[in-house]
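Hi,

Here is the structure I promised to pass on.

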Number of protein chains: 2
Amino acid sequence: MWNKNTLTEKIGIRYPIIQAGMAGGITTPELVAAVSNAGGLGTLGAGYLNAEQTKESIRKIKQLTDKPFAVNLFTPETPEVRSEEVNQANEWLSPFREALHISQVPEVNEITTAVFEQQIQVIIEEQVPVCSFTFGIPSRSVLQQLQAENILLMGTATTVAEAKANEENGMDMVVMQGSEAGGHRGTFSGSFEDAMIGTMALIPQTADNVTIPVVAAGGMSDGRGVLASLVLGAQGAQLGTAFLTTSESGANKQHKNAVLNSRENQSAITSAFSGKPARGIQNDFMIKMKQYETHLPAYPIQNSLTKPIRGEAGKQNLPEWMSLWSGQNPRLCKQQPAGEFIASIVSQITEMQT
Amino acid sequence: MWNKNTLTEKIGIRYPIIQAGMAGGITTPELVAAVSNAGGLGTLGAGYLNAEQTKESIRKIKQLTDKPFAVNLFTPETPEVRSEEVNQANEWLSPFREALHISQVPEVNEITTAVFEQQIQVIIEEQVPVCSFTFGIPSRSVLQQLQAENILLMGTATTVAEAKANEENGMDMVVMQGSEAGGHRGTFSGSFEDAMIGTMALIPQTADNVTIPVVAAGGMSDGRGVLASLVLGAQGAQLGTAFLTTSESGANKQHKNAVLNSRENQSAITSAFSGKPARGIQNDFMIKMKQYETHLPAYPIQNSLTKPIRGEAGKQNLPEWMSLWSGQNPRLCKQQPAGEFIASIVSQITEMQT
């Protein structure tokens, strides 16, 4: 049985299909619930939400489904805000602000872990079934609080060593993000370039080296990809871009259209939007900012500086200046309800297995 | 039946497992024959051989097997030799030559297609069953000569567009090289960076867009990878690095050991060895030459300039200055006879299928 393993048993889901916790308004409660209702694991991408918004979204999800779901948090990083660096980046960004008629130059306050800690409390209060993390492993005390509440912990890794670190720190399962994946790289030790490992190579090498269930992420968009992940040794497949284009996704129309009309070789990795490497469809912003990339402030500082530009570009219908996160599998993405999408994966696999 | 499809029928092989035509003495006649005798398709990597050596190797293979095998050729490129460029590159390479006590500074003659054309005649004379190509699609007249002799043609591509070009030019099948693959990138249209697509994403998107059989390459090293390739829509899997470490491989001992002792995140892409991007285990030569990479002469000029260094480094047991081609799957590679390796793939798949 392709859909019965430790991962599906632990979480209590029918199919080993996980919708990635894409941050930035993509994972609406409707999307999360639709995925969970269809037998997969929906995930609220709460990386950019505050505690109140996180709680509100979780409550909406609970109104829409009684099935297990996950909340994804960004393990916090607290780089020092250096004013010269911020001023320099703001200067490089000024042509975009001017063209968009944004008069206010963004400022950045001190970066703290306060929101993250509040989010953890919300997850505990709301008894969220699964809590997943990107950008590293939270402190032992945070993990222990969640474990004490029997909340399942799902880490993210991009190398075998990072997977082992997740296991050693008590994660119940680990998402292995291959180089094909859209959005931010989850690399948290060493350079991201060294950790650009294709899913085909990453999954078996990881499965051989950890005992916790491995979830494959990066490059899968249909039944073929999900079944191939299981064959490689994963117990589940996490799909992002393929859910971004579904009807319930909150990604804006230009972003959805960009993905639906792009090809496998049109995305690239950029740090220009957030200060952290991420895969998106190559556009004018990425090309123009490339020269400054190694001198930009760290994540999440740069993210704050580009936020007004990305927001305004969205409103003004200018995809060339938006972050168009996408994996390397856009040709397989369709505009369809998430539940129908999961049903199509299941029937494709069932057919392949007979 | 996982091992019965158009590809295996066309070529007349028992298993859809292809040993990649790695050039530079790795694919000894013994290796090629061992693979073919075990039911796969062995490939002579003739990219760096002259016509006489190619003929000799083919005859040895025929003595060792009566099963189908392939010869891989490099579709020729004839960049102009510019003396200033060559002199500059030789200067950058001089610290390596000096340390290795190589007194002669290499010279490069005009690059022609003569050897390639002679190789084509050898392949026709010797009635080689399959001829595969890397670095682009040869002229129509070359392909027609081979087709007239019923020699099967196998192209290499790294994007869907390149796969379509292979199909349109009459290739009988196409190897899709994912970003995980070791050795040279087969990209022949556009920049190689844009064509670094992971195998997991590349195979289904290609299979949906061409009608000729697709062969997956990059990241597979065992039964899991081979079966996953077929699930993704490929009709065969081409393995390189995993055959490089077999007993019959002619790769030198330092190269084999480097692969056997490396990890998934230790390789990188470099143009410093040959003038063309290729994946190898990161070493001192790659790191030191990185700064000059965009100013080096094109392939195969740079390849000629570094040849004495690579050769002498091999003799002097200095892997840090050798080209240690490897894919992203070294943890799965073993030192074992090629026939045993194929048998293990087959039994792994048989077990997974029951």
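A word on burial to begin with: a residue is called buried when its relative accessible area is under 20%, exposed when over 50%, and partly exposed in between, using a 1.4 Å probe and protein chains only. By that rule B:F135 is buried, with a relative accessible area of 5%.

Please keep in mind that this is a predicted model, in which local features need pLDDT of at least 70 and side-chain atom pairs count only at pLDDT 80 or more, while totals for chains, interfaces and linings use all residues. Residues are numbered from 1 along each chain as its sequence is written, chains are lettered from A and ligands numbered from 1 in the order in which they are written, and side-chain values use heavy atoms, without hydrogens and water.

**Backbone**

B:F135 also has a positive phi, near 75°, though it is not a glycine. It sits in the loop between β4 (130-134) and α6 (140-148) of chain B; helices (H or I, at least four residues) and strands (E, at least two) are DSSP runs, numbered from the N terminus. B:N317 has a positive phi too, about 65°, and is likewise not a glycine. This residue lies in the loop between α13 and α14 (338-353) of chain B and counts as exposed at 52% relative accessibility.

There are cis peptide bonds to look at as well: one runs from A:Y299 to A:P300, and another joins B:Y299 and B:P300. A:P300 is in the loop between α12 (284-289) and α13 (301-315) of chain A.

**Helix packing**

In chain B, α2 (residues 29-37) and α3 (residues 51-64) pack at about 40°, with axes 9 Å apart; axes are lines fitted to C-alpha atoms, for helices over the stretch in contact, and angles run from 0 to 180 degrees between N-to-C directions. The pair is therefore oblique (under 35 degrees is roughly parallel, over 145 roughly antiparallel, 65 to 115 roughly perpendicular, and the rest oblique). Residues in contact (heavy atoms within 4.5 Å) include B:V32 and B:A33 of α2(B) and B:I61 and B:L64 of α3(B).

In chain A, α3 (residues 51-64) and α5 (residues 114-125) pack at about 25°, with axes 8 Å apart, and are therefore roughly parallel.

**Cysteines**

How many disulfides are there over all chains? The search of the whole structure finds zero, a disulfide being a pair of cysteine sulfur atoms within 2.5 Å. A:C333 is buried at 8% relative accessibility, and B:C333 is buried with a relative accessible area of 8%.

Best wishes
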